[in-house]
Amino acid sequence: MNPLDLIALLKGHTVYIQTHNFPDPDAIASAFGLQEFLACHGVAASLCYDGKIDRLSAKKMLETFGISMFSKDELPHMTEEDYIALVDSQKMNSNVTDLIGDEVACIDHHPIFFPYDYQYQDIRPVGSCSCIIASYFKTTGTPISPKCAAALAYGIKMDTADFTRGATALDTEMFSFLFPEADWKLVVSMYSNTMEFDDLRAYGAAIQNIQIFDRTGFAYIPFNCAQALIAIISDFILALDVVNVAVIYALQKDGIRFSIRSELDQIHAGNLIAEALAPYGSGGGHPSMSGGMIPSANIPLLGEDIHNSIQNIFLKVIEKME
């Protein structure tokens, strides 16, 4: 779609840009980039989310780039008439709270699992949402600030794991566009002191509990930890030379959260978790990475040995895909 159509849609309205409930660098960069793009065309917007910004890297990104995001509890004046543009997320996904405003636009790079009739929709199968937002500046000739260019470049780097995971031609093209415009010192600063001491507990638990069945690695974290950390540990487990598919799950206050990684073309991570969790919860994502959740109320459906049940339901779906 033409990004200028989005401008026309949003003008004259109170606008919010909403990410998924646990904003990661790509989500934060995309929201920040869209906010600047809209501002350049006379549309003011506030960034919002529901859930937690619970990873040190995400908190550091807000501080480093001077980004303000508001939680649901900080938005008492949002009304049904206000417009919401979803970025790096889609309405009705399990990781996106349905806020009171009207979701009129969606910009995302995840597969569509729940079709919705947005007034403006730009959903593309690319490695990062940040590259889509960067393309808005490039295709419309909109000036971009060094800080915004740096944030979008960092978002692309993080969601494609430095172009080793799911990267597309648009990701590389937009990174090249952003590179000379960006304040690169801001990007470099994001790579220092990004792990908290308590993160080591989660790594230790995953290493202690890992089980491998025919190159599928399962690891359990038996305590509450950040959703983003679960995803990082799934990348860590996938790096093992005896693992092609990683299934990491952690017991949270609201249920069991999953992060899946696959390096096999025939094992689509998003389809894998969507099918495996269908009787118990929900999930989805990209061919190589996905996430999902079993709510607390549905955990008893797994039976007495939840670990054996989780292993069986995923291995059965993997066997069908191979």
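Strand β11 and strand β12 (residues 289-295) pair in the antiparallel sense over 4 bridges, where pairing requires at least two DSSP bridges between two strands and strands (E, at least two residues) and helices (H or I, at least four) are DSSP runs numbered from the N terminus. Within this pair, G283 stands opposite G292 of β12. The model is predicted, so local features need pLDDT of at least 70 and side-chain atom pairs count only at pLDDT 80 or more, while totals for chains, interfaces and linings use all residues. Residues are numbered from 1 along each chain as its sequence is written, and side-chain values use heavy atoms, leaving out hydrogens and water.

The two strands belong to an open, mixed sheet of 6 strands in the order β7-β8-β9-β10-β12-β11. Because β7 (211-213) and β11 (282-285) stand at the edges with a single partner strand each, one side of each has no neighbour in the sheet. The twist averages 15° from one strand to the next; angles run from 0 to 180 degrees between N-to-C directions of axes fitted to C-alpha atoms, for helices over the stretch in contact (heavy atoms within 4.5 Å).

Helix α9 (residues 227-238) lies across β8, β9 (245-252) and β10 (255-262), at about 35° to β10.

G66 follows α3, with a positive phi near 65°.
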